[in-house]
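Reader: Please take a close look at one part of this model for me, the contacts between charged side chains, and explain each term as you go.

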Amino acid sequence: MGVQVGVIADDFTGATDIAGFLTENGFRTILLSGIRDTPGVLDEVEAVVISLKSRSNPVKEAVQQSLDAMRFLNKQGINRFFFKYCSTFDSTPNGNIGPVTDALLGEIGEDFTVVCPALPVNGRTIYKGYLFVGDVLLQESGMRDHPVTPMRDSNLMRLMEVQAEGKAGNVPVQVIDQGPAAVRGALTDLRRSGVRYAILDAVSDEHLHCLGEAVADFNLVTGGSGLGGAIARALNDRGSSDEATRWTPLVGRTVILSGSSSVMTNLQVENYVQRAPAFGLSIERVLQDPSGYVSEIVGWVLAQPEDGLAPIVYATGQPEQVRRTQEAFGADVSGSAFESLFAALARALRGVGATRFIVAGGETSGSVTTALGVEGFRVGPQVAPGVPWVRSLEGTVDLVLKSGNFGEETFFTTAQK
């Protein structure tokens with residue numbers, strides 16, 4: 001079949017998210033940590049996902065990274081692209097999704113694309129262009145107080161128009177209920193009327209399946225992992241990939257590292273620390289003596305039994321606690337310090353025999369993956385929708401890279417089963 005789609009993902013958890021859905025919908029998938037030459041590997045797959053760390057970067061950096069990724073994929077003979085971002089959009093009026101979309105459209109000489117971050121299986125739905133989390137608008141969810149990308153507007157048309165260069169329109173559920181042909185007709189009408197970004201409603205998996213068929217032949221699609229999986233489903237008739245069914249965990253120690261402060265990760269940490277060894281990080285210690293602190297934590301991890309639940313090291317905190325830390329030490333300083341510590345800790349733990357890392361938070365996942373020097377992954381079974389186990393190409397490290405709000409409260413326990 002050959003490579004059918006190249007994905008440009010704006011963070012590491014988002015990359016594993018869509019890789020899991022592509023695999024589940026029948027595409028053998030390879031996930032690359034940045035732009036990597038992997039001779040021969042692409043011959044074995046139908047999808048290539050490039051994970052960037054561009055979600056919260058300055059706009060110019062995000063645009064350049066994304067263009068570099070598209071050009072690399074194009075050199076591999078790929079001409080169907082998917083720009084993947086979070087199902088909660090995670091992009092303020094000053095954010096990167098609009099500018100990156102414009103740059104990618106310009107690179108391939110197009111003037112129209114679709115926007116659909118919906119992931120109904122995880123409660124992210126779009127109705128009349130408004131993004132919902134569960135039964136509340138995005139701006140009323142926990143994302144309102146996100147420390148990096150606080151979401152204060154739920155209208156995707158407004159968000160795109162304030163960030164990007166063109167006009168946005170909406171394809172409502174009433175059209176989508178009529179099937180792929182009706183969607184294609186609506187998209188043609190929007191394009192003729194001067195719309196540049198078509199916001200696609202989706203309140204169910206059936207809507208995503210319809211949309212996947214309608215836009216499968218687009219040169220550039222933007223959205224969440226749900227639409228990516230639906231496109232794979234539309235392009236493939238082989239059923240699920242066999243990668244996940246052949247998965248056997250590596251031998252070695254498991255460690256959980258949690259840097260996310262999302263609502264769900266807070267619940268997951270609270271659930272887990274009641275039953276497993278837990279080490280809560282102190283920002284003061286992180287700033288005062290990071291190398292000594294890493295040595296102390298490694299010693300603590302090694303002192304925990306290997307046959308029970310894995311130890312967790314966490315910086316996760318409630319919004320008020322995060323706010324106090326940012327006010328006292330500065331948001332950039334504290335955030336950078338925690339991520340640097342997680343990176344150093346991952347390297348040190350790998351050096352003493354840890355082979356499996358369960359990581360919560362996009363920024364933390366990026367720091368850990370980079371620190372471990374992992375150039376790419378093969379995709380295994382999903383722990384929860386959008387959260388698969390992945391294994392380094394050389395087969396020495398297994399990771400779960402979890403977006404903050406994904407998974408149930410028992411996620412950390414479930415992942416180890």
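Author: Lys 84 is buried, with a relative accessible area of 1%, where buried stands for under 20% relative accessible area, exposed for over 50% and partly exposed for what lies in between, taken with a 1.4 Å probe and protein chains only. This is a predicted model, in which local features need pLDDT of at least 70 and side-chain atom pairs count only at pLDDT 80 or more, while totals for chains, interfaces and linings use all residues. Residues are numbered from 1 along each chain as its sequence is written, and side-chain values use heavy atoms, with hydrogens and water left out.

Lys 84 meets Asp 17 in a salt bridge of 3.1 Å, N to O, a term for a side-chain nitrogen of Lys or Arg within 4 Å of a carboxyl oxygen of Asp or Glu. This pair links distant parts of the chain, 67 residues apart, with Asp 17 in helix 1 and Lys 84 in strand 4; helices (H or I, at least four residues) and strands (E, at least two) are DSSP runs numbered from the N terminus. Asp 17 is also buried, at 2% relative accessibility.

Another salt bridge joins Asp 102 and Arg 196, whose closest N and O atoms are 2.9 Å apart. Here Asp 102 belongs to helix 3 and Arg 196 to strand 10, 94 residues apart, and Asp 102 counts as buried at 8%, as does Arg 196 at 16%.

Asp 111 and Arg 191 form a salt bridge as well, at 2.8 Å between the closest N and O atoms. Asp 111 is partly exposed at 42% relative accessibility, and Arg 191 is partly exposed at 40%.
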